[in-house]
Amino acid sequence: MSFGRASGVAVWSALRTARDALASVVFPAPCLICASTLDTANRVPICEKCLASFEKISGPLCVCCGRPIISPIAADFLVAQCRLCRAKTFGFDLARSFALYNESMVRAILLLKHDGVAPLGVWFADRLNELVARMPECSGADVIVPVPLHPARLRERGYNQADLIARPLARRLKLRVKPFLLVRTRPRPDKLRMTRRERWETVKGAYVARQGIRVDNLHILLVDDVMTTGATLDACSRALRKAGAARVTALTVARSVPNWMAMEDFREQPGVLGA
């Protein structure tokens with residue numbers, strides 16, 4: 001870097017720091033997670049400490065659904081797969097998530113889902129873009145599809161939180177985003193908490209490809225905010241497969257991983273504890 005260019009970078013950095021400091025004094029705003037005063041002019045209304053508290057998901061992972069595998073026995077397998085993927089439960093080819101669905105992430109997702117904080121959707125899209133850059137399996141993807149809301153819920157809310165992530169991600173990946181490819185035909189029950197079985201029964205057959213739409217031989221990136229049981233991503237993937245998709249890769253911002261899953265991985269390996 002030349003001296004002139006280095007000086008320009010230093011000046012710009014100083015001006016940006018001064019701008020952020022001035023903004024925090026003139027327009028003080030609280031972090032929407034911890035309520036501490038934001039000290040920068042960042043469009044995302046969450047402080048750096050809370051953003052850093054999101055726990056990135058790292059290996060070893062199930063090669064299919066991306067669930068963290070904590071058991072050292074499972075991790076040592078030549079092809080590490082969780083119980084569900086060994087049983088070929090899911091309709092997608094691959095699923096990956098940015099971070100664990102911990103307390104701070106839950107609050108961030110709620111801001112996106114119920115308050116429509118669009119800059120947060122852009123921030124999440126940047127994280128998924130970084131994730132995709134590390135995934136050779138995503139090369140050659142053709143289109144991005146956000147998991148749809150039921151029309152009644154979309155009218156009520158006015159936006160789809162998955163769409164707030166999918167559109168900026170599509171711009172970064174230079175891909176088309178096609179939210180109209182999938183339709184949710186049945187609304188989600190009003191029940192707030194559902195068992196794993198109820199989640200699967202609720203979405204079974206609830207998603208279909210829009211009539212007359214074909215996605216023959218396309219590699220689709222399916223985007224949503226959270227993967228809980230995988231039932232929604234499975235139902236959407238099966239609808240896309242039925243319409244002709246060659247490959248479906250599911251991407252979510254967060255992944256719910258209950259603590260008991262670690263023990264399940266250990267118990268259910270062949271020859272371990274009688275399994």
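At what angle do the axes of helix α6 (residues 118–133) and helix α8 (residues 161–173) cross? The angle is roughly 50°, and the two axes come within 8 Å. Axes here are lines fitted to C-alpha atoms, for helices over the stretch in contact, and angles run from 0 to 180 degrees between N-to-C directions. Helices are DSSP runs (H or I, at least four residues), numbered from the N terminus. The model is predicted: local features need pLDDT of at least 70, side-chain atom pairs count only at pLDDT 80 or more, and totals for chains, interfaces and linings use all residues. Residues are numbered from 1 along each chain as its sequence is written, and side-chain values use heavy atoms, with hydrogens and water left out.

The crossing of α6 and α8 is right-handed, that is, the near helix is turned clockwise from the far one by less than a right angle. In contact (heavy atoms within 4.5 Å), the α6 residues include Gly121, Phe124 and Leu128, and those of α8 include Leu164, Pro168 and Arg172. The contact residues divide into 10 nonpolar, two polar and two charged. Nonpolar means Ala, Val, Leu, Ile, Met, Phe, Trp, Tyr, Cys and Pro; charged means Asp, Glu, Lys and Arg; the others, Gly among them, are polar.

A second pair is formed by helix α9 (residues 196–203) and helix α10 (residues 231–242), which pack at about 25° with axes 9 Å apart. The angle therefore makes α9 roughly parallel to α10. Their crossing is right-handed. Arg199, Trp200 and Val203 in α9 meet Ala231, Thr232, Asp234 and Ala235 in α10, and these residues comprise four nonpolar, one polar and two charged.

Definitions and conventions. Helix = DSSP H or I, 4+ residues; strand = E, 2+ residues; numbered from the N terminus. Parallel < 35°, antiparallel > 145°, perpendicular 65-115°, else oblique.
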